[in-house]
Amino acid sequence: MLKDSNAFSGFSVDDIPAAREFYGTTLGLEVAEIEDMLDITLGAGCHVLAYPKPNHEPATFTILNFPVADVDAAVDELSGRGVAFERYDEPDLKTDDKGISRGDGPTIAWFRDPAGNILSVLEAP
């Protein structure tokens, strides 16, 4: 029954106009506002829904991963658009001064949307 459904995921934000600006302008994604929510179009025509939640709490895990051919280039471009990358210096998780984790797993860099949700760019094989 559900195998042919065009399923999609969603996440909450606390400020729809700020999310629209971030996802649409900063990240350059196609964003449509539908009934006080955002329909964000990702690659290959996939969609994700951002919905307002007054008591929103940022996700403590990565909600959206963007595979890219070159993480360094993506970090440089996004940094130039005002995106701040997370820095980690923990025993099992370290990033360099650009905010990129290299070596243990995929090359990846994490950043947050205006609502504090965690996103990433990671190097695609």
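Is tyrosine 51 buried, partly exposed or exposed? This is a predicted model, and the answer is computed from it. Tyrosine 51 has a relative accessibility of 32%, so it counts as partly exposed. Buried would need a value under 20%, and exposed a value over 50%.

Start from that residue. Tyrosine 51 sits in strand E4, which covers residues 47-52. Set aside the neighbours within four places in sequence. Tyrosine 51 then contacts Gly10, Phe11, Ser12, Val13, Ile16 and Met37. Alanine 19 lies 32 residues away along the chain, and its C-alpha atom is 9.6 Å from that of tyrosine 51.

Now widen the view to the sheet. Strand E4 belongs to an open sheet of four strands, ordered E1-E4-E3-E2, with mixed pairing. Strand E1 (9-13) and strand E2 (30-34) are the edges, and each pairs on one side only. From one strand to the next, the twist averages 25°. Strands in a sheet pair through backbone hydrogen bonds, in a parallel or an antiparallel sense. Strand E3 (residues 37-41) runs antiparallel to E4, and four bridges join them. Within E4, alanine 50 is the bridge partner of leucine 38.

Next comes the interior. In soluble globular proteins, nonpolar side chains tend to be buried together. Here the largest nonpolar core holds 29 residues. Which of its members touch the most others? They are Tyr23, Leu27, Ile40, Phe66, Phe85, Phe111 and Val121. At least two residues each come from E1, helix H1 (16-26), E3, E4, strand E5 (62-68), helix H2 (71-80), strand E9 (108-112) and strand E10 (118-123). A second, separate core has five residues, including Tyr88, Ile108, Trp110 and Leu122.

Beyond its neighbours within four places in sequence, valine 121 contacts Phe66, Val68, Val71, Ala74, Val75, Leu78, Phe85, Thr107, Ile108, Ala109 and Phe111.

Val121 also takes part in the lining of the largest pocket. E5 and H2 each supply at least two.

Turn now to strand E9. This strand is mostly covered, with four of its five residues buried. E9 has antiparallel partners. Strand E8 (residues 100-101) pairs with E9 over two bridges, in the antiparallel sense. In that pairing, isoleucine 100 has alanine 109 of E9 as its bridge partner. Six residues lie between E8 and E9 in their hairpin, where glycine 103 takes a positive phi near 105°.

E10 is also antiparallel to E9, over five bridges. Isoleucine 108 stands opposite leucine 122 in E10. Ile108 and Leu122 are both among the residues of the second core. E9 and E10 form a hairpin too, with five residues between them. In its turn, glycine 116 has a positive phi of about 90°.

Two residues tie these views together. Phe66 and Phe111 are listed among the core members that touch the most others.

Definitions and conventions. Residues numbered from 1 in each chain as written. Predicted model: local features only at pLDDT ≥ 70, side-chain atom pairs only at ≥ 80, totals over all residues. Heavy atoms only, no water. Buried < 20%, exposed > 50% of the residue type's maximum accessible area, 1.4 Å probe, protein only. Contact = heavy atoms within 4.5 Å. Pairing = 2+ DSSP bridges. Axes fitted to C-alpha atoms, helices over the stretch in contact; angles between N-to-C directions. Core = buried A, V, L, I, M, F, W, Y, C linked by side-chain atoms within 4.5 Å. 1 Å grid on protein atoms, 1.4 Å probe; cavity = no way out; pocket = protein on both sides within 12 Å on 5 of 7 lines; lining within 4 Å.
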